Every structure is written in C-alpha cells, then in structure tokens.
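Hi,

Here is the structure I said I'd pass on. Have a look at it first, and my notes on what turned up follow below.

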Amino acid sequence: MSPITKVLLVDDHAVLRAGLGLLLSSQPDLLVVGEAGSGIEALELAAVQQPDLILLDLSMPGLGGIEALPALRRRAPQARILILTMHDDPQYLHQVLKNGAAGYVLKKAADVELLSAIRAVLRGEVYVHPSMTRGLLEDMLPEVESSDELQQWNSLSKREQEVLRQVAYGYTSNQVAIELNLSPKTVETYRARGMEKLGLVDRASLVRFALRNGLITAGQ
Amino acid sequence: MKTEILRKLMARFWELAGGVNVRIKIMGIVLGGTILLSLSLMYQVHHALTAIMEKDLVSQGISIGRDLAVRSTDLILLNDPYALNRLLLETQRNNSDIRYAFVIDLYGNVAAHTFGAGFPVGLIDVNEADPQSYQNTVQLQTQDGRVWDIAVPIFEGRAGSVRVGISDQRIQRALFDMTSQVLLTTVVVLGLSLLAATFLTFILTRPILDLVEAARSIGQGDFSRRVRRWANDEIGDLADAFNQMSAGLERANEGRLERELLRRQLFERVLTAQEEERRRIARELHDSTSQSLTSLMVGLRTLESDCDSPQVLQHSRQLRQVAAQVLEDVHNLALQLRPAVLDDLGLSAALERLAKEWQSRHSVQTSVIVQLGSERLPEQLETTLYRSIQEALTNVARHAAARSASVLVERRQTDIVAIIEDDGQGFDSEQVQRDGHLGLLGIRERAELLGGNLTIESSPGHGTSLYIQLPLVDQTIRESMIQESNISH
C-alpha cells in the first residue's frame with residue numbers, strides 16, 4: 001500500500017471541484033486536502049497543506065493559473081502540479097511547462113485521462129495530452145545548416161540581396177521601389193527570382209531565413 | 001484640306017500664344033501696338049511732308065528762276081557777263097536750296113554760271129526752256145541726291161534762258177531729323193509703356209496668382225483660405241465667387257468631418273461592444289458551460305466506478321461521450337467568438353493558433369512570424385491586429401486560391417506593421433478599392449480608428465499583400481485630436 005497522496009484542487013467552478021473531489025476520493029490512495037476557487041486561495045492553501053499534488057485550472061478570475069504557477073511552486077516545492085484546463089493551445093502548454101508544471105490534461109478528456117495522468121505525474125513522469133505533444137516536438141525539428149544558406153545568399157546578385165533585405169524588413173514593393181530607385185515591377189521580379197534561388201515560398205520564410213543568417217536584425 | 005491647314009495654323013497659334021504667360025502677352029500687345037503705331041505714323045508723316053515740301057521747293061525754284069530771268073534780261077542785252085555772274089552767285093548765296101544756276105544765250109552758249117571749277121558736260125541738254133511756256137522742270141538724279149532743273153525763258157525766249165538747279169538735300173536733312181526725333185520719341189514711349197505694362201500686369205496678375213495659390217491650398221484640403229478682392233473688376237468678382245465657393249466647401253467639409261467623426265465613434269463603439277460581447281459570451285461558455293459539462297463527465301465517471309451493472313455502465317459511457325462532444329462544440333464556439341489565448345497569452349500565441357487552425361481547415365501552407373518582443377501590446381491594438389489578420393485570412397481562403405500564405409507582425413520604430421501575403425491569383429487592387437470590398441474596408445476602418453493605415457499591393461496573377469500599419473503611440477494622442485476637432489466645431 002503506497003502512502004496517501006495529498007491533493008489540492010484549484011478551480012473556480014465549485015460543481016466541477018465537487019465532481020473532481022468525488023472522482024479522486026474513489027481512489028483509496030488519493031486524499032483531497034483542500035479546494036481553492038482562485039489563485040490567491042490556492043496559494044494560501046498550498047502553503048498550509050503542503051499537498052503532494054495540485055490540480056490547477058488555468059483560467060480563473062483574479063489570479064489565473066498561469067500567474068499562480070511559479071508562486072505555487074515556491075510555496076509548495078514538493079508538490080507536483082497537474083494542469084487541468086480547457087485550453088488546447090500549445091502556447092499554454094509551453095508556458096506552463098516552462099514554469100514547472102508536471103502535466104497537462106484537457107478537461108474534455110478529464111473523465112478518461114485524469115486518473116492515469118495523476119498516476120504518471122506521481123511516478124515522476126511528465127504527462128501531456130497526446131494531441132498536444134506535436135506542438136512540443138515541432139520546435140525540435142532539425143535546423144538547416146546555416147553556412148549553406150549563407151553561400152546561397154552570397155550567390156545572389158547585389159540587387160536581389162538589397163530587394164530581399166528590404167522585403168524582409170517588411171517594406172511594401174512600392175516602398176522598396178522608391179528606396180532602391182526601381183520600378184515596382186522590377187522589385188517583384190528581383191524578389192521572385194531571389195526567393196526562388198533560396199528556395200523560399202513566402203515572406204515569412206524569407207524573414208526567418210534572414211533572421212537565422214543575421215541578414216536583418218529584429219525590431220528595426 | 002483647307003480646314004485642315006486652318007486647324008493646324010490655329011493649333012500652332014495656340015501653341016505659341018499659350019506657351020507664354022499673361023505678362024509676356026500683355027507686354028507683346030503693348031510693344032506691338034506702340035511700334036506699329038509709331039511706324040505707320042512715321043510713314044504717313046514722312047510721305048505727306050515729302051510731297052508738300054517737294055512741291056514748295058519746286059515752286060520756290062520756279063519763282064527764283066522767273067526772278068532771275070527778269071533781272072538778267074537787261075544784263076544779257078547789255079552783254080555784261082560779269083554782272084550776270086554776280087547776279088547768279090548772289091542769288092545762290094541767298095538761297096541755300098539752289099544747287100546751281102546758269103544763263104544760256106540765244107546761241108545756246110553758257111553766258112554765266114555758278115560752277116566754279118567748270119561747267120559739267122551735258123547739263124545744258126537735260127532741259128530746255130520752251131519760249132511759249134512759263135517754265136519747264138526736269139527732275140535729275142545726281143550723286144548728291146535729287147535735283148530739279150528748272151528752265152525759264154528770258155524775255156519770252158528772245159534773250160536765251162535761265163536754268164536753276166534746286167536740291168532737296170535740305171528737306172531730306174529736315175525729314176531725317178524729324179524721323180530721328182519720332183524714333184527717339186517712340187523708344188522713350190516704348191520704355192514708358194513697358195513700365196506701365198509691367199505695372200498693369202502686376203495689378204492684373206497679382207489677384208490671379210492669389211487665386212491660383214488659394215485654389216491650390218483648397219485642393220489640398222485647406223478650406224479656410226480666402227482671397228482679397230483687389231479691384232472692382234471681373235477679377236474682383238471672380239475673387240468674390242471664389243470666396244463664396246470656399247466658404248461653401250468649408251461648411252460642407254465641416255459637416256462631412258463631423259459626420260465622419262460621429263460615424264467613426266459609432267463604428268468604434270460598435271466594434272468595442274461587439275468585441276466585449278464576444279469576449280463575455282466566450283468567457284461564459286468557457287467558465288460556466290464548459291465547467292459544468294466537465295463536472296458532468298467527471299461525475300458520470302465517478303458513478304461508473306461505483307457501479308456494477310454493465311447496462312448502466314454502457315449508458316453512462318454514452319452519456320459521457322455526448323457530454324464530451326458538446327464540450328468540444330462549446331469550446332470551438334468560444335474560440336470562434338474570441339480566443340481566450342488572445343487575452344491570456346497575447347497576439348503572438350493567438351495568431352499562431354489562428355494560422356494553425358486556418359491552415360488545417362483550408363489546406364493552405366501558412367506561416368506566422370511575430371516579432372514584438374516579450375512585452376504585450378495595448379489591448380485595442382492586439383484586437384485590431386487579430387481581427388484584421390483574421391479577416392485577411394478569410395479573404396485569402398475565399399478569393400485567392402493560394403498555395404501558401406504568410407503573416408508577419410513586427411515592430412518598426414513607433415509602429416506595428418502587419419503583413420499578410422498570399423501567392424494566389426491576386427486582383428486589380430485599385431478596382432477592388434474603388435468598388436469597396438467590405439472585408440478590406442473593415443480592415444482599413446479598424447486601422448484608421450487607431451490612426452494607422454492599410455496598403456494593398458496586388459495585381460492579377462501575382463498574389464496579394466496587405467500592409468497594416470498601426471502607430472504604437474499612446475491612444476491619448478488620438479483622443480486629444482478628437483477633442484480638438486470637437487472644440488473647433
């Protein structure tokens with residue numbers, strides 16, 4: 001028999017808290033030691049109860065889950081924090097994982113996954129809802145070798161480089177045309193030719209290319 | 001054919017006349033008029049004077065001849081060449097017009113003459129006195145000008161004849177002097193009239209130039225400009241009419257501005273209200289409906305763990321699936337209304353999400369780059385950018401038939417620039433802007449509300465780029481502008 005795990009429920013929705021409480025208490029080794037309806041409340045309870053697991057909702061009035069997360073970690077350092085939320089944006093996931101959350105469960109799958117997620121988190125693993133792992137992996141896709149790209153860039157004509165740099169800075173074709181003393185049509189042609197040589201499809205990929213290779217600096 | 005030539009001539013004339021300004025035209029009129037007048041006057045006077053003076057000269061010559069004939073009769077009869085000679089010389093001395101005078105005796109010999117050096121050969125034969133007539137005059141061309149040779153018979157031809165040569169040198173000189181005088185006067189008058197013309201053109205063109213300048217500034221939107229009524233003439237009337245027009249335009253413009261301002265404010269209010277309402281409903285769906293549904297699902301799940309009846313379990317599972325489906329629908333509905341991520345995490349995350357969702361729905365390759373740093377933009381700016389980009393992407397999906405689209409948002413000095421580009425079929429941007437595409441109009445209106453603007457670059461076959469530029473400056477500037485225009489009304 002494993003030791004009892006103290007659980008803190010943080011959700012602004014009382015009915016849901018009650019339901020979750022019922023579900024968790026069906027598990028003999030889980031004990032709900034507190035329910036908080038807001039971030040502030042959660043901080044107080046976490047400090048007092050020192051739970052082993054915090055089920056944290058992200059959107060709450062006042063202090064939300066995202067903001068409360070770092071403070072909760074400080075108040076209850078040993079607690080594993082499992083996010084239970086409606087939001088399926090990878091941005092939220094990034095944010096909370098960065099801030100030390102141990103797992104991420106979507107509410108739409110709470111009935112099925114919550115318990116196994118709790119188990120995984122308590123085992124020391126990180127649990128992320130399967131549909132969202134993709135967003136995490138995308139950042140790790142292999143980067144293109146930069147020196148090759150610079151060579152490609154250097155193989156462009158001076159004019160093409162100038163036009164592409166201006167385009168990457170976000171100027172309109174007309175503005176580029178005026179700046180470089182060309183006709184807008186010529187600018188279009190240079191741009192299309194240069195991007196084709198670099199194998200780029202749109203302005204965003206051009207900007208990424210330029211940033212990656214230090215051809216432009218951000219925020220200018 | 002004729003009309004063709006005439007037309008060409010007229011065109012040429014207008015090319016010349018239209019090529020110079022009013023000042024030159026008036027100068028030309030004055031100069032041309034003065035010169036023409038003085039030349040014709042000079043010609044007339046010269047002509048008339050010459051005729052009169054010549055007539056005078058000849059009759060003077062005749063009377064001198066007659067006089068000589070009478071006075072030389074006795075001397076010839078007495079055969080006194082010395083006295084005769086003296087008479088001739090004296091007569092010549094008394095009258096400077098006399099070029100020469102001589103007396104021919106009955107035998108055709110020169111009895112006396114005024115030629116000191118010697119009598120010119122052939123002069124005798126150029127004229128002959130007719131004893132029956134009073135006199136006979138012949139005009140000669142000599143090296144020194146015209147000479148009228150007058151032959152007068154002496155004693156009715158019984159004692160020879162007198163010949164007098166009258167030169168017009170003196171009157172030529174007089175005429176030359178007069179012409180020079182007239183010319184000099186003409187030049188002086190010309191100078192004076194040029195001065196007068198300059199002054200006149202100044203008077204004439206200054207109000208016109210004023211009008212031109214005022215018309216130009218009205219064209220540029222400064223309706224407060226008025227012109228002075230310089231004179232009580234047609235140009236003065238024009239100035240009055242112009243001022244009336246400017247006043248009318250100013251009133252109309254003020255009304256237009258006022259309505260525009262009201263329309264803007266209304267639009268802004270509608271936008272804000274709409275956004276507020278959407279946010280409220282989305283929150284409600286998220287915070288209340290969704291949580292209730294989740295509670296339902298969790299509750300069912302709890303029930304299941306305490307239940308042994310397979311039938312009830314089966315039923316409960318179905319109910320949970322229904323609830324999950326409803327939850328999903330509610331979640332999507334809330335997202336469409338207003339994604340919580342926009343409020344919680346900001347523009348970058350919201351756009352990221354929008355693009356991903358859009359890409360999977362329309363299978364158009366979409367990339368998003370947001371370079372704004374970690375600092376959040378003002379809420380109004382974020383909403384405007386998000387909605388504009390949403391609208392732009394909707395347009396791309398609806399019209400562009402694009403393979404890829406890109407969204408770029410970056411800070412440029414004090415501006416935020418958003419660029420939405422696709423490689424679709426494009427359109428004639430001028431025509432679309434003229435026809436007033438509602439979606440684009442909305443984007444433009446939203447941008448202008450924040451003091452920004454929208455630039456569209458597109459041509460058929462070359463894709464479309466929308467450039468949205470929004471000033472990052474605090475909204476207070478815009479508000480103070482609105483207040484200012486309120487005060488001025």
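Axes here are lines fitted to C-alpha atoms, for helices over the stretch in contact, with angles from 0 to 180 degrees between N-to-C directions. Helices (H or I, at least four residues) and strands (E, at least two) are DSSP runs, numbered from the N terminus. The crossing of these two chain B helices is left-handed, meaning that the near helix is turned anticlockwise from the far one by less than a right angle (clockwise would be right-handed). Their contact has 18 nonpolar, 6 polar and 4 charged residues. For those classes, Ala, Val, Leu, Ile, Met, Phe, Trp, Tyr, Cys and Pro count as nonpolar, Asp, Glu, Lys and Arg as charged, and the others, Gly among them, as polar.

Before you go further, note that this is a predicted model: local features need pLDDT of at least 70 and side-chain atom pairs count only at pLDDT 80 or more, while totals for chains, interfaces and linings use all residues. Residues are numbered from 1 along each chain as its sequence is written, and chains are lettered from A and ligands numbered from 1 in the order in which they are written.

Helix 5 of chain B also matters for where the chains meet: with 14 residues, it gives the most to the side of chain B that touches chain A. The contact between the chains takes 50 residues from chain B and 35 from chain A, where contact means C-beta atoms, placed from the backbone, within 7 Å. On the chain B side, the residues divide into 17 nonpolar, 19 polar and 14 charged.

Now for chain A. Its secondary structure comes to 11 helices and 6 strands, and 41% of its 220 residues are buried. Buried means 20 or more other C-beta atoms within 10 Å of the residue's own, exposed means 12 or fewer, and partly exposed is in between, with C-beta atoms placed from the backbone. Of the contacts in chain A with a separation of 6 or more, 61% join residues 24 or more positions apart.

Which way do helix 2 and helix 3 of chain A run relative to each other, parallel or antiparallel? They are roughly parallel: helix 2 (residues 39-49) and helix 3 (residues 65-75) pack at an angle of about 10 degrees, with their axes 10 Å apart. Helix 2 passes helix 3 in a right-handed crossing. Among the residues making the contact are A42(A), L43(A) and A46(A) of helix 2 and A68(A), A71(A) and L72(A) of helix 3. By class, the contact has 7 nonpolar, 2 polar and 2 charged residues.

At the other end of the numbering, helix 11 of chain A (residues 203-212) has buried residues including L206(A), V207(A) and F209(A). G214(A) follows helix 11, with a positive phi near 65 degrees.

On to the nonpolar cores, which are sets of buried Ala, Val, Leu, Ile, Met, Phe, Trp, Tyr and Cys residues joined through C-beta atoms within 7 Å. The largest has 114 residues, and I54(A), L82(A) and L351(B) touch the most other members. Beyond its neighbours within four places in sequence, L82(A) is in contact with L53(A), A102(A), V105(A) and I118(A), among others. A second, separate core of 26 residues includes I64(B) and L75(B).

T366(B), in strand 6, is buried, with 23 C-beta neighbours inside 10 Å. The C-alpha atoms of T366(B) and A355(B) are 6.2 Å apart, although the two sit 11 residues apart along the chain.

Cheers

Notes: Contact = placed C-beta atoms within 7 Å. Parallel < 35°, antiparallel > 145°, perpendicular 65-115°, else oblique.
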